[in-house]
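User: I would like to go through the terms used for this model and see what stands behind each one. Please set the values against the definitions.

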Amino acid sequence: MEAHSFRLELNNRPTRNNKWTIYICITVGGVRKKIKTPYEVDKRSDFNSKCVNNNWIKKSLPYSKKWNDELARMIEESRNKYLELDKETTVSSGKVADAIKAKNVSESFIEFAAAKIQSILDSGGIRNWKKHSNFLNKLKKYQKGKDLLFSEIDYEYITNFKAYLDKLPNERHPEKRIHPNTVQEVLNEFRSNINKAIKEGKMAPEKNPFMVFQIKGVKTVKDKLTADEIESIKALELKEGSLLWHCRNYFLFSFYCAGIRAGDLIQMRWRNIVGERLNYQMGKNHKVRDLVLVEPALKILDYYRPEKFKGSDYIFPLLDPSKPYAKCVTEMDYDSMNVATKQELFKDISAKNALINKELNKIAELAGIDKRVSMHISRHSFAKIAKDEGTDNSAIQKMLAHSSLKITEGYMGNFDTNATDEALKNVFKKKVGGIELWINKISDLIRDTNNEEFAKTMFKEIRLRIASENIDGI
């Protein structure tokens with residue numbers, strides 16, 4: 001057995017972030033090899049290579065215990081790997097270092113999550129890529145440049161990360177904090193990555209902190225327009241051809257077509273109009289929608305129908321037909337689109353959707369509607385008005401192209417209040433119909449005959465009637 005040693009030391013120079021990286025130094029037969037750990041300290045004095053009882057990290061630092069425990073585990077893993085190799089072959093510091101690296105002694109969760117996010121982007125999942133990227137960006141900011149190991153992720157870590165998220169300002173409205181449901185979404189992405197890591201053997205299932213950590217959001221109610229509010233938007237006098245006029249058309253066309261999502265409407269082409277029907281494949285879930293075009297929708301289309309056009313032409317003047325993505329007409333074309341083109345399309349759709357929503361809120365203000373109006377609200381409004389008109393939930397589900405009735409019911413909200421309305425009225429309904437009739441008769445008799453004795457008799461009978469009906473006082 002060769003003379004060997006295992007110790008920790010700092011790099012000779014600070015990193016670009018002006019931090020000091022901790023290395024495992026393996027020496028076998030006088031030959032040294034260093035393995036980089038994911039740990040970095042802010043100052044050289046935060047680390048003591050000549051410590052006792054594995055207290056390399058200064059105790060005053062809040063993360064010292066976790067880091068010291070993990071560094072001790074790495075050292076022990078290195079010793080065990082040396083003993084394991086020494087039984088089989090001639091061992092060297094290089095072989096030990098390679099074996100440790102191959103086993104990912106100090107696997108980085110951030111590197112793991114970044115690799116997963118890159119694979120989502122490479123596969124063309126732009127929406128999911130953006131959502132996952134949002135999670136990782138927030139995690140990196142929380143780490144302040146430090147890496148995050150799987151071994152560091154426990155219940156306490158998740159709790160502290162959530163507390164950090166709860167205090168973050170809203171990007172669009174800095175005077176507000178981010179919404180609890182945004183916090184929920186970020187933590188859901190965290191949990192999703194942990195679950196993937198467990199399936200790949202990067203983390204033991206029993207170490208999953210989300211088995212005990214509960215992720216909770218809050219119930220929100222989407223604004224929905226009433227039929228009267230839709231009519232007030234239609235009745236506005238807007239200059240034909242103006243941006244407001246176009247945006248009202250986009251909103252109403254979506255509404256009349258059972259709530260077309262903004263991304264689908266922005267990409268709508270004349271080939272999707274077949275006679276007096278609308279047929280297209282939804283971008284979100286690839287489901288086909290085949291809807292009859294009602295008269296108001298046909299009238300809107302007439303505004304945009306040129307004398308000569310091709311089926312591949314966009315219906316609405318929103319996207320640039322000269323862009324590379326414009327050549328991709330079908331969902332099959334879209335699925336085979338390269339990542340850069342998909343990103344450009346996603347960016348342009350997002351920008352147009354934001355522009356339309358901005359103008360829709362101006363329209364709402366002009367119409368005297370005190371609600372935030374967006375393209376997506378047309379979908380919720382259609383569902384509400386359809387329900388108010390007595391449309392069956394299953395029919396609404398089919399029109400919205402939801403995969404289950406439960407989604408539709410949650411999507412629409414509880415619009416059918418007839419039963420609860422009647423129940424509430426019955427609670428407070430006074431049983432006074434017969435008594436009121438008696439009072440009216442007495443009043444007539446007193447007015448006509450001025451018979452005081454007769455009136456007294458009748459009032460006495462009324463009191464008895466009230467008592468029998470168990471009604472509180474007249």
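User: Which residue takes a positive phi in the hairpin of strand 2 and strand 3?

Analyst: G29 does, with a phi near 60 degrees, and two residues lie between the strands of that hairpin. Strands here are DSSP runs (E, at least two residues; helices are H or I, at least four), numbered from the N terminus. This is a predicted model, in which local features need pLDDT of at least 70 and side-chain atom pairs count only at pLDDT 80 or more, while totals for chains, interfaces and linings use all residues. Residues are numbered from 1 along each chain as its sequence is written, and side-chain values use heavy atoms, with hydrogens and water left out.

User: What makes strand 2 and strand 3 a pair?

Analyst: Two strands pair if DSSP finds at least two bridges between them. Strand 2 and strand 3 (residues 31–41) have eight, in the antiparallel sense, and I24 has I35 as its bridge partner in strand 3. Strand 1 (residues 4–10) also runs antiparallel to strand 2, joined by seven bridges, with S5 opposite T27.

User: Why is strand 2 called mostly covered?

Analyst: Buried means under 20% relative accessible area (exposed is over 50%, partly exposed in between; 1.4 Å probe, protein chains only). Nine of the nine residues of strand 2 (residues 20–28) are buried. W20, I22, I24, I26 and V28 point one way, and T21, Y23, C25 and T27 the other way.

User: What makes strand 4 and strand 6 edge strands?

Analyst: The open sheet has the order 4-5-6 with antiparallel pairing. Strand 4 (273–274) and strand 6 (288–292) each have a single partner strand, so one side of each is left without a neighbour in the sheet. Strand 5 (residues 277–281) pairs with strand 6 over five bridges, and N279 stands opposite D290.

User: Which helices do the buried residues of helix 4 pack against?

Analyst: They pack against helix 3 (109–122), helix 5 (155–167), helix 6 (180–199) and helix 12 (339–366), where contact means heavy atoms within 4.5 Å. Among these buried residues are I126, F135 and L139.
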